[in-house]
Amino acid sequence: MQTSFSESQTRINLMRAFAGECQSRQRYYQAALTAQQQKLVGLERMFRFTAEQEERHAIVFWKLLKEGTGQDIDISAGFPAEVTEEIQKLLDASEREEKKEFSVVYPDFARIAADEGFTEAASKFRMIADIENSHRARFRYYGELYRSGMLFRSNDTEQCWICLNCGHIHKGSEPPQECPVCRAEQGYFIRREEAAFTSCDTVSA
Ligand SMILES: [Fe+2]
Ligand SMILES: [Fe+2]
């Protein structure tokens, strides 16, 4: 039997999820600004890309709160404060938070929503948990590259790097200090396979 929305735990969990997603979005946006100040444009774009997805998650949860329209919903929850300019700490904290959402918070919310008869909310919690897992993996990947000094270095001398400013592709174990085409700094280069839309740019006509 379905619990009434106004008396449900799901109503509170949706508001907690909405608040959490808004904050994730803002944290990643700020991390993007920090990366930009340190001329790490690839990381800046990665944080922005993820921030935009958190914004979409917030919208999904917001829409599910429609039944509670017109009410204030009181919540109590812990939210992380990682105030730092250190890129390594930002990447590691982001990975930790995504892991918590993916492995604990959203699976719990999904189970409670299913128990209370809110199938759409349960399914959105589950699917967004999977997305958070992909975010966790992304932050871990860049966290490890950064930690090991491999953000701009590869063991593969045939590695392709793409300039995010002009699209120039450079092959070698390191991207150039400066793009030979547009003069963008090394921070604009990422591994070619990490860039969106590049898997189709050699398809013959
Ligand atoms: Fe999210
Ligand atoms: Fe996320």
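Reader: Which residues are linked in a network of salt bridges?
Author: This is a predicted model, in which local features need pLDDT of at least 70, side-chain atom pairs count only at pLDDT 80 or more, and totals for chains, interfaces and linings use all residues. Side-chain values use heavy atoms, leaving out hydrogens and water; residues are numbered from 1 along each chain as its sequence is written, and chains are lettered from A and ligands numbered from 1 in the order in which they are written. A salt bridge is a side-chain nitrogen of Lys or Arg within 4 Å of a carboxyl oxygen of Asp or Glu. The network joins Asp-92, Glu-144 and Arg-147.

Reader: How far apart in sequence are the parts that Arg-147 and Asp-92 tie together?
Author: The closest N and O atoms of the salt bridge between Arg-147 and Asp-92 are 3.1 Å apart. Arg-147 lies in helix 4 (residues 119-147) and Asp-92 in helix 3, so the pair connects parts separated in sequence by 55 residues.

Reader: Is Asp-92 buried or exposed?
Author: Buried means under 20% relative accessible area, exposed over 50%, and partly exposed in between, with a 1.4 Å probe and protein chains only. Asp-92 has 18% relative accessibility, so the class is buried.

Reader: Where is the kink in helix 3 centred?
Author: Helices are DSSP runs (H or I, at least four residues), numbered from the N terminus. Helix 3 covers residues 87-115 and reaches 41 Å from first to last C-alpha, close to the 42 Å expected from 1.5 Å times one less than its number of residues. The bend at a residue is the angle between axes fitted to the seven residues ending there and the seven starting there. The kink of about 40° is centred on Glu-101.

Reader: What separates Arg-111 and Asp-108 in helix 3?
Author: These two form a salt bridge, with closest N and O atoms 3.3 Å apart. Arg-111 is partly exposed at 44%, and Asp-108 is partly exposed at 33%. Because they are 3 residues apart in the helix, the separation is about one helical turn.

Terms used. Helix = DSSP H or I, 4+ residues; strand = E, 2+ residues; numbered from the N terminus.
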